[in-house]
Amino acid sequence: MDIDDPPVIYGLETQARALCSVPALDDSQQFIIGTQGLRVEHNQLHLLTFDADTNSVSKRIFDHGRDEIWSVSVAPQNPNLCATVFNRVTMDSGTNPSVAKRWCLWKLPEEEDNQTPRHRNSSEDALTSSSLSSVESLQSIGSIELEQQGEPRCLAFHPERTEALLVSDGGLYQLGLGSGEVRLLAHLPAKDGRSQVRYWHAAWNPHHSAQQVIAACDSGGLRGFDVRCPPSNGPVVVIDNAHNGQARCVDYNPNKQYYLASSGDDGAIRFWDTRQPSNPVKMLRLHKHWACCVQFNPYHDQLVLSGGTDAKVYLTNNRSISSEPVLSLDDDLDDDLDDDLDDYRDRKSSLSSRRQQQPELDEDRTVSVVEEHEDSVYAAVWCATDPWLFASLSYDGRLVISHVPKSEKYRILLLARTLTGAFHPLDY
Amino acid sequence: AEPDRSSRNSRLRSFYQQGQVESDAASVGLNVDPCDIDGAGFDPEVYLSKLLQEQPLTSLMAKEQQMVDQIRQLDSDMQTLVYDNYSKFISATDTIRKMKSDFHRMEQEMNNLAESVSAMSQQAADVRQHVGGKRAELKRLAGVSALLHKLQYLLDLPARLTELRREGAHQQAIRAWQQADRVLSRYADLPSFRPIRADCLAIMAELRAQLWKRFNEGGSGTESGGEGGSGGGAPDARQLAELVDLLGQLGESEADLSAAFLRQADPRMQRLLGDLEAQAGSLQDDVLQFVDQGCNHLVSELCILIAVFGDIFPSPESRAKLEAYHESVMRSYLAIVSKRFCLEARESGGTGDSLLVRACDRFHRKLQAMHRLVTEGELSVRALAVVCDAAAERAGAVRAQLDLRLTAALSGLRSQLATAGARSVSLPQLMAGLLTELVDAVKAALAGLQAFLATDVSFSLKPAFRERFCVRAVRQELLAGFLNHQATQCARLAQLSPTPPPLLLLLLSRYCLDFRNSSLHYLCTLADEQFLVPESPQAEALVTPVSELSAVYSDSAAELLQAYVCASGGTLAGMLRKSVDARDWLQGIEPRSVRAVVKRVVEDLAGIDASVSSLYDEAPSGGGGRGGGDRSSDSSASRLARRPLTAASRSQWSATPSTLGNSLLHRLFSDKVDLLGPAEFGRASVVSGVVRLALKTLLECVRLKTFGRYGLQQVQVDCHYLHAFLWRYVSDDSVVHFLLEEILASAAHRCIDPVSMEQSVVELIVERD
């Protein structure tokens, strides 16, 4: 049972950058990806549901028109509410085309029961997405023009409230989404002192009812703001030169306050404690080129996923800086297991055999590398409902859904179990 | 007649016990011959007949005459004898008679004596009869008389004691008291004795107090008297010994006394220690002087104390106490000395070595000498430990200096690189300068520390010192530590954010490599030889092996090189990224020239190539398909020459964007190219790493943009230009081809109106530039 399930590959015909995990209410494992085809008539959002039993993917397709999708995000409270940032080309009198980046909120239509059953794409024929599937249409909820908006980059939904943060050239816009309309709550201009900065990505701080955001700047720095303060107060967290080159992505540790990770053009993943912004807590230099995205596992924050333009996705275990207590894995772990379910026996044997090979069980390490991509990976996300599943999307339109290796999974579970005496409710 | 006479003579002679020998000879003949007239078997008849028969008449006559004469002679002899006897008898009779009369007188005297004796016995009996009743009385009186004598003595005792005390004859006073005390204590309950005893006790208490006072003053007396030198202690000690003896007789316990003795000695010790301590905190005094002072005053004093104490208090308990005291003093002293030495080791400059060594040596010798006196407590071992600590501290200080030197050298190098332009400095020269500077610094440091190993230094041959100083402090902590520090320090620069100047990284990378190749082994061997590091497994276990250091250096060099590639590639990439970001690719005019930034990139690349090739040669690259020979002969200027547009190269690559499908096909059928593999130690590998990084960034930036027709064409021109110039710098052309193709394909893909420029026009524009 220790043979890991092979990764499932789902192919798009066009290029793609936009990938987001869907926090489905029925705990199904869903991802949403958006196509990026500049000259394509129908860009699409693909809502993919992964079936762990058959190791296959079923999909729903939504039409996004001619607008190529740069970024997609789904509201954590409402899996049917999604937002895209897209590029709209308008041809003025044929000769002078103009391109504008816009954003919009969409409502995904409810799945109808009498619809034809979901088309299954088993892993064998996953490379060619079926053209048979019917394309559903999206329902626009709205978008508002914001002053000095510039090019929007992405939209980050608030983890708790019906709010969102739009990251744009013009700055950070806190948007209220309640009561069926979008309204501007606050605007943090893209100014850093007197100089202009451009934000590339931003994330809400999930702690303390999410009143803070952190944004990655093109100067390589990170800026944190408290949305309760007036914008004139300036940033509450300043990390300069977090990256050499542009900072591409930031993510808060969901379980450990003040800790966040950032990735950037220098290919490094750096972990920060916002209370000591002068030096990173830890640095990983895995990517050989830009590290485009980084994300903590929502449940086991020692697991960190990162994707880069070197077409690699790294899954690392950074236990030393995670919220997991430090534990030296001693022998009574085995004793503890003996009176356990038979089911665990073979896990234990796999664990102990592994332990002989790796005496340092607990040290930080790279758990696995997704090698299936052949082009730059711009997005890699954890499944919102399954801590052991993640997806990564490369520019050539290839989505790879991978599992955390079972050995790693059991190791984390067993450690968690030894420490707490109980399993995390979401382990299965 | 003649034999007759002779036989008679013999008989006489035998009677008188004389002349036995002759008679024997004569008697032998007699027995045989019956005719021997003197013999026992003389037969007159036979003799006569024989005579008558044998002798003639004349001879008979003569014979007869002779015989008559002889007979006559005999008769007269006999007569004489008889007279003699008779006279003797008479005289004997006279004597007896005389004796008889004498005895008579004696008997009379005896009777007188007997009478006297009986009279005496009579008198004696009378006396006995008279005296018998009064004997007990007499005896008692005699006893009383003796007691009175004693009492008199006791009554006089207080006065006597006072007298003796005043005279200072403590010894006698104590003896007198001791004798009296037995009695006094026995009769202590008698009221009449009590005052005496009380007086005496008071006096003795006074005496005791006086003695104690003197005892305690002994220390201060010594202090004031013996300030100058060690000689002052000895007589005082004798006095003290006397006092201790007296006090001991006064019943003070040895434990108290020894404690008091030590207490008395303690302030002086503490004062000396305090002086030393005060000196230990500063470098004002010479360290030699410090050691001298410590040795001459404190240690000597302590030695004397130990000697005197040992004489006075020989019991094992006192000995233990002394040891404890000695231990405490020595501990403080060693701590102070250690502190001072360490301070000296840390603070003193380069000249301090010999001084410190001499000070250590003197200290060690002195304590070794003392160790002979006090065998307990491992004094010499501890002294050696102090010396070891000082030496190790010195090594540590030297190491710190080296570290500072390194930091200074690195920052100097950095500023040198920053102020002078990249072209104006000769990197190999700088590197060689750094190498010699640091190697010389290490050598100088090692040479300086050799002072500790001079043959005339007492501790230099001790195995413990060798192990601690040579192996651990110098070989491991100083040398291996510094070497390791240097490598990690260099490597740390590679991880800094923001990154230091790329040239520094490049230079240090080569520096690490060269250091590993040339100096590392040399320095280690040098240290092994200079400090006689033994080739034992224990020593090897303590020392980081050269191979490990070498690996560290290789890693550092590789890391630095990689950082250089990243940094300089990053610089180029940054330029390209900014230029791509800033430009409006949608609305633009038809390209007429290569963008300035692209030219700039090519120029910078030439500079990078020049820098790299000044430090790294072609040889180890090996990855390139092209032969290195002709390229290394190129000057950097000629590298700027564009690719010769032969028919082959033209057909090989055309600056037209292939479709995405083409690109996919290309990927399917070509091996996955490791675009951004680690750089090897070689010019081509390094520079192509930079190129690949720049191009990859360009690709990513292009993918983030949307292009109009002319934007695409501009990319086309730029790519062609790059293709024409980059070939010289890369080890593997195909990667550049691939990347440029990808850029074009991506640009085409991102173009809303993908109409590419004519190949010939592109070439024309590039040609013109």
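Me: UniProt positions follow the numbering used here, with feature names shortened, and annotations may be inferred rather than shown by experiment. Which residues of chain B does UniProt list for "coiled-coil region"?

Reply: Residues are numbered from 1 along each chain as its sequence is written, chains are lettered from A and ligands numbered from 1 in the order of writing, and side-chain values use heavy atoms, leaving out hydrogens and water. In the model, the listed span is 100% helix and 0% strand, with its end C-alpha atoms 41 Å apart. The unreviewed UniProt entry gives, for chain B, residues 96-123.

Me: In chain B, where is confidence highest?

Reply: Chain B averages a pLDDT of 77, and 85% of the residues score at least 70. Helices (H or I, at least four residues) and strands (E, at least two) are DSSP runs numbered from the N terminus. In chain B, the lowest confidence is in helix H20 (residues 629-633), at a mean of 37, and the highest, at 91, is in helix H4 (residues 57-131) of chain B.

Me: How many contacts does the model have for residues 329-360 of chain A beyond four places in sequence?

Reply: The mean pLDDT of chain A is 80, but it stays under 50 over residues 329-360 of chain A. Where pLDDT is low, the predicted coordinates should not be read in detail. With contact meaning heavy atoms within 4.5 Å, the number for residues 329-360 of chain A is 37.

Me: Which three residues supply 19% of the area that chain A buries against chain B?

Reply: The contact draws 36 residues from chain A and 28 residues from chain B. The two chains bury about 2,900 Å² between them, 49% of it on carbon and sulfur atoms; buried area is the accessible area (1.4 Å probe) lost on putting two parts together, summed over both. Supplying more of the area that chain A buries against chain B than any other three residues are Arg39(A), Lys288(A) and His289(A).

Me: Which element gives the largest share of the side of chain A that touches chain B?

Reply: Between the chains there are 17 residue pairs in polar contact, both at pLDDT 80 or more. The elements giving two or more residues to the side of chain A that touches chain B are strands E2 (15-22), E6 (68-74), E7 (81-92) and E8 (96-107) of chain A. The largest share, four residues, comes from E8(A).

Me: Which residue of chain A forms a salt bridge with Asp581(B)?

Reply: A salt bridge is a side-chain nitrogen of Lys or Arg within 4 Å of a carboxyl oxygen of Asp or Glu. Four salt bridges are counted between chain A and chain B. With the closest N and O atoms 3.4 Å apart, Asp581(B) is paired with Arg198(A).

Me: Why are Glu408(A) and Arg411(A) separated by about one helical turn?

Reply: The side chains of Glu408(A) and Arg411(A) meet in a salt bridge, at 3.7 Å from N to O. They are about one helical turn apart because they stand three residues apart in helix H3 (residues 406-420) of chain A.

Me: Which residues does Ser458(B) touch, not counting those up to four places away in sequence?

Reply: Ser458(B) lies in the loop between helix H14 (427-449) and helix H15 (463-495) of chain B. Its C-alpha is 9.0 Å from that of Cys360(B), although 98 residues separate the two in sequence. The residues that Ser458(B) touches are Asp361(B), His364(B) and Arg365(B).

Technical notes: Polar contact = N/O pair within 3.5 Å; in protein donor to acceptor, adjacent residues only side chain to side chain. pLDDT = per-residue confidence, 0-100.
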